[in-house]
Amino acid sequence: MESMTVNRVRETDRTFPLKKVVYNNTIRVENLDVFIDDQQILKDINLSIPEKSITCIIGPSGCGKTTFLKTLNRMHDETPEVRVKGKVYVDDLNIYDKNVNVIDTRKKMGLLAQRPCPLPMSIFDNVAYGPRIHGIKRRKAINQTVIQYLQYVGLWDEVRGRVRSSASRLSIGQQQRLCLARGLAIEPEYILGDEATSALDPLSTKKIEELFVKLKEKYTIILVTHTLRQARRIADYIVFMYMGKVIESGPTEEFFNSPKKQLTREYLSGSFS
Amino acid sequence: MKYLEEKIFKIVMIGAAAIILGVLIYILGTIFYKGFPSLTWEMITSIPGGGFYLGSEGGVLNAITGSVFIITGALIISLLISVPLVMYINFYLPHKSILSGIIRFSLDILFGVPSIVYGAFGFALMVYMGIRASLLGGIITVGMLIMPIMMRSLDEIARLQPRDLPDALLSLGSTKYEMTKVLLRQLMPGLMTAILLAVGRGIGDAATVLFTAGYTDNIPTSLNQPAATLPLSIFFQLGSPVEEVQNRAYASAIILTVIILILSFSARYFSSKFQKNKS
């Protein structure tokens with residue numbers, strides 16, 4: 001599957017590869033409990049996330065949004081004090097199954113962190129890093145991939161003459177788009193955003209949001225956000241979490257206009273945050 | 001009262017700075033004043049002739065080469081051990097693991113061991129292994145001396161790395177090894193500092209090489225031959241009753257200082273060059 005896409009990149013000159021629809025790209029979470037030491041952070045989460053759409057996870061600070069997101073690309077593996085119980089099906093495969101390769105899982109999930117963290121190398125190498133470690137050797141293919149994704153995130157025209165200079169010289173908004181390009185270059189099937197715009201200025205935020213809307217044609221996107229307005233602007237579905245539990249979830253319109261739970265109504269009206 | 005405090009503290013701080021600068025200038029001044037007249041081209045290009053320690057012809061090339069050989073070998077050994085270890089305790093082991101605690105504690109102990117103890121231990125080890133005082137013995141012992149210094153300073157910097165970068169690398173699907181390679185680039189300036197500290201300490205130490213590397217007037221041509229070192233050369237020359245030879249000791253001290261300065265500046269240069277493409 002991986003080589004298939006690579007071939008396609010080579011054939012089609014500088015066009016964005018159409019995502020292959022092989023599986024039903026969905027995430028299904030069943031009875032998920034997450035503990036840090038003895039404290040239970042996530043409590044019995046059951047959720048399914050629709051494909052090719054933006055799902056926003058909202059909720060007050062400390063409700064477990066980020067913990068939930070990290071569960072999806074198994075970043076908890078790196079911290080031994082975190083225990084994950086339950087099942088997370090990605091493309092009908094439980095990623096917590098013993099014989100599932102964690103690298104494959106992470107490759108499938110492009111993560112966009114809260115603060116952009118460019119790798120200590122040039123702009124070009126930042127985007128090329130993913131394809132390189134995942135086995136693409138041909139220089140031409142890498143060049144094409146890099147240019148294509150930089151174009152896709154609208155960074156190419158801004159950095160055209162200086163792709164070989166250090167990535168940390170970019171503005172923070174540019175860095176975040178670079179990180180998005182870097183994540184897309186490993187050809188994930190899902191995009192996870194952990195408050196990906198909270199460190200950015202309004203203009204950069206707008207650009208990233210527009211990109212997310214554009215990206216949902218090809219990817220399933222899950223965003224953690226703490227700005228309700230952002231969720232309202234770009235989300236197709238909303239998941240509201242509180243104290244480690246999913247309180248309510250549903251399509252955006254329905255969620256904001258006619259929330260079913262009392263707690264949701266209070267949160268939306270700003271009684272607590 | 002408030003302002004008095006401020007003033008007193010200011011005086012203390014400036015005084016401390018003045019003392020440090022004064023000591024440095026005094027040391028450098030002394031060795032240059034006494035050693036510079038004796039610092040001839042012959043000093044650095046020839047080995048001691050017969051009766052060198054009584055005032056006749058010769059130089060300390062034997063000690064310069066010996067010191068450089070020993071520190072190079074020791075540096076290679078300690079890099080080969082300390083870099084993987086620091087990577088292991090910082091990037092492979094989980095954050096608050098017991099094993100990394102034990103390793104750090106042992107490093108702290110090793111760091112505090114006096115160099116003469118390393119010398120004695122190295123000597124005992126060599127007797128056990130049947131090696132006589134030689135370049136190899138010196139390399140191993142100095143390697144043991146500088147390893148904890150290097151590891152500790154590298155570890156300090158590695159520990160201060162923010163978690164963002166490792167997380168970013170892992171979420172791109174890097175293996176730990178691929179992640180470590182990138183992080184090591186990030187740590188390059190720190191590694192340079194660590195090397196510098198270690199080399200500065202190792203090249204100037206006399207106690208470790210006293211029993212293990214021995215002393216000779218010749219340039220060692222194999223690992224089994226004894227090797228002279230600058231600190232010991234300075235020691236022997238200072239011990240001479242002839243004043244001219246004593247002054248040569250100061251000239252040798254200048255050579256040692258200059259070697260360390262060259263290393264220091266080149267390390268700075270390379271690490272800043274490396275950083276250009278980084279931050």
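1. Secondary structure of chain A. In this predicted model, chain A contains 11 helices and 10 strands.

2. Overall dimensions of chain A. The C-alpha trace extends over about 55 × 45 × 35 Å along its principal axes. The radius of gyration of chain A is 19 Å, and a compact globule of 273 residues would have a value near 19 Å, so the two agree.

3. Packing within chain A. Of its 273 residues, 42% count as buried. Taking the contacts in chain A with a separation of 6 or more, 68% are between residues 24 or more positions apart.

4. Contact between the domains of chain B. Here 7 residues of domain 1 meet 7 residues of domain 2. On the domain 1 side, the touching residues comprise 4 nonpolar, 2 polar and 1 charged.

5. Contact between the chains. On one side are 19 residues of chain B, and on the other 25 residues of chain A. Within chain B, α7 (164-171) and α8 (176-186) each contribute at least two residues to the side that touches chain A. The largest share comes from α7(B), with 6 residues.

6. Composition of the chain B side. By class, the residues of chain B that touch chain A are 6 nonpolar, 8 polar and 5 charged. The extent of this contact is given here as residue counts, 19 from chain B and 25 from chain A. In general, interface size is often stated as the accessible area lost when the parts come together.

Definitions and conventions:
Residues numbered from 1 in each chain as written. Chains lettered and ligands numbered in written order. Predicted model: local features only at pLDDT ≥ 70, side-chain atom pairs only at ≥ 80, totals over all residues. Contact = placed C-beta atoms within 7 Å. Nonpolar A, V, L, I, M, F, W, Y, C, P; charged D, E, K, R; others polar. Helix = DSSP H or I, 4+ residues; strand = E, 2+ residues; numbered from the N terminus. Rg over C-alpha atoms; globule rule 2.2 N^0.38 Å. Buried ≥ 20, exposed ≤ 12 C-beta atoms within 10 Å, placed from the backbone.
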